[in-house]
Amino acid sequence: MPVQPNASNQTKEKIIDAAVALFNTQGFNGTSVREIAKKANVNVAHISYYFNGKGGLLEYLVSKYYEGYLSVIETGYLRLSLETPKNCLLLLIGDILNYQHENRQLARFVLREVTLDSMLIREVMTTYLTKEKYFFKAILEEGIRSGQFRKAPMAHILVQLKSLLNMPYLQPQYMSEVLYIQTHESYFVKQYFHEIEIWIDHLLCDPSKKEAIV
C-alpha cells in the first residue's frame, strides 16, 4: 500500500505553499506570519515550531530550491563522460528548465530573492552558486578543449546562460502581460529550450566567428 503523508508533513506543506504564494504576490517583507498561518489554515505556532519563524522559513525555501537545483546539475554533469560537451550542456539545460517549471512558484520567489543583498544570500553565493559555476564552467571548458565550442570570455558566457535560464521567473509579469508568453503552460519548456539551443549553436558553436577571446 502507498505510504500516506502524516499530519506533520501535511501541515508543513500547507505552510510552504501558503508562504510561497504570499511571498510572490506581497513580497517577503510585506507578508506577516499571521497571514501565512491564515492562508495555510494552521496555527501561528506551527510556523515557529517547524521553521523557527519567517526568517527560518525563508532559509528553508531557499535551501529546498537550491538543493534540488544542484542535484539536477550534478547529475547532468556526470553525462560529460558519455556525451559530447554540447549534448551534455543541452541535456542539462533541458533538465534545469523542467526542474524550474515543476517548481515554478518556488523558483520565481527564490530567484528574485537572490538578487537582494543579505547574509543568507551571500551564503547561497558561496555554496550553491559557486558549485553551479564549477559544473557549468567544466562543461564549457571541455567543449573549448575539444574544439566543439569556440573560445570566449567565460564570465560573459555564464552571465548570458544564467540570464536565459532565469529570465522567465524573474520577469513573469513581463512575460505574460507584455510578451503574452504563458510560462506555466507545458509547451513553454519545449519552445524555450529550442531557442536556447539556437543561442548555443550561434554563440558557442558558430565556426564563422573567428575571434578567440579568453
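Predicted model: local features only at pLDDT ≥ 70, side-chain atom pairs only at ≥ 80, totals over all residues.
I started at aspartate 201, which counts as partly exposed at 29% relative accessibility (buried is under 20% relative accessible area, exposed over 50%, partly exposed in between; 1.4 Å probe, protein chains only). Residues are numbered from 1 along each chain as its sequence is written, and side-chain values use heavy atoms, with hydrogens and water left out.

Next I looked up the partner: aspartate 201 and lysine 86 meet through their side chains in a salt bridge, 2.5 Å from N to O (a side-chain nitrogen of Lys or Arg within 4 Å of a carboxyl oxygen of Asp or Glu). Aspartate 201 sits in helix 11 (residues 186-203) and lysine 86 in helix 5 (residues 85-102), so the pair ties together parts 115 residues apart in sequence. Helices here are DSSP runs of H or I, at least four residues, numbered from the N terminus.

I searched the whole structure and got 6 salt bridges. One of them joins lysine 162 to glutamate 132, with the closest N and O atoms 2.9 Å apart. That pair links helix 9 (residues 154-170) to helix 8 (residues 128-146), 30 residues apart. I checked glutamate 132 too, and it counts as buried at 4% relative accessibility.

Last, I checked helix 1 (residues 7-26) against helix 2 (residues 33-40): their axes come within 8 Å and cross at roughly 125° (lines fitted to C-alpha atoms over the stretch in contact, angles from 0 to 180 degrees between N-to-C directions).

Technical notes: Helix = DSSP H or I, 4+ residues; strand = E, 2+ residues; numbered from the N terminus.
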